[in-house]
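User: I'd like to learn how to read a few features of a protein model. Could you walk me through them one by one?

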Amino acid sequence: MAEKLGFPQITYLECIVELSGRTARARRNLGNGWEAVECRMPVLMTVLDTANEPRPAAAKRMMLYKRARSQAEIAARWRRQMPDASAEAQAAETTRRAGDLKSRRLLIEQWNLDDIGADLTWCGMSGSPTKVHRISRLC
């Protein structure tokens with residue numbers, strides 16, 4: 001990813017020592033020791049699980065976001081609950097429910113290739129720079 005973006009990368013990051021101007025200094029774990037590295041930003045960093053201790057999730061917020069849904073989830077639900085309704089009625093109900101969730105900041109946005117202006121020659125299997133030639137099972 002870093003090569004494709006033209007960014008330097010720091011792997012096995014354990015801690016960011018300093019960010020100043022356009023320079024990042026970090027400590028990376030080598031398994032049997034550490035290495036201090038410095039590079040220009042922007043930089044792509046891969047972080048070890050030991051780099052941070054996440055704060056506990058806020059229970060109230062977690063309960064609120066359990067109700068978050070995407071437009072596709074809402075549409076699928078109303079297709080199941082209103083199988084005899086017309087497509088227009090289902091679409092109207094989906095739009096109404098999505099609007100309600102959006103007003104409460106619980107609508108999960110979905111973007112498609114057109115929304116992000118993607119070049120289709122770089123998308124899907126034909127656009128992937130990597131190809132899987134074989135999958136082996138090691139058991």
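**Reading strands, turns and a helix**

Analyst: Happy to! Keep in mind that this is a predicted model. Let's start with a strand pairing: Thr-23 has Arg-40 in β3 as its bridge partner.

User: Which strand is joined to β3, and how many bridges are there?

Analyst: Strand β2, residues 23-29, is joined to β3 by seven bridges, and the two run antiparallel. They form a hairpin with four residues between them. In that turn, Gly-31 has a positive phi of about 95 degrees.

User: What should I expect of the side chains along a strand?

Analyst: In a regular strand they alternate between the two faces of the sheet.

User: Now the helix. How do I work out which residues point the same way?

Analyst: An α-helix has 3.6 residues a turn, so residues three or four places apart point the same way. Now try this on α4: Gln-90, Glu-93, Thr-94, Ala-98 and Leu-101 are buried. Viewed down the axis of α4, the buried residues fall within an arc of 135 degrees, so they line one face of the helix.

User: What covers the buried residues of α4?

Analyst: The cover includes β5 (69-70), α3 (71-81) and β6.

User: Which exposed residues does α4 carry on the face turned away from its buried side?

Analyst: There you'll find Glu-88, Thr-95, Lys-102 and Ser-103.

User: How does the span of α4 compare with the expected value?

Analyst: From first C-alpha to last, the 17 residues of α4 reach 24 Å, close to the 24 Å expected at 1.5 Å a residue.

User: What comes just after α4, and is Arg-105 buried or exposed?

Analyst: Just after α4, Arg-105 takes a positive phi of about 60 degrees, although Arg-105 is not a glycine. Arg-105 is found in the loop between α4 (87-103) and β6 (107-108). Its relative accessible area is 72%, so Arg-105 is exposed.

Key
Residues numbered from 1 in each chain as written. Predicted model: local features only at pLDDT ≥ 70, side-chain atom pairs only at ≥ 80, totals over all residues. Heavy atoms only, no water. Buried < 20%, exposed > 50% of the residue type's maximum accessible area, 1.4 Å probe, protein only. Expected span 1.5 Å × (residues − 1). Arc of directions from axis to C-beta. Contact = heavy atoms within 4.5 Å. Pairing = 2+ DSSP bridges.
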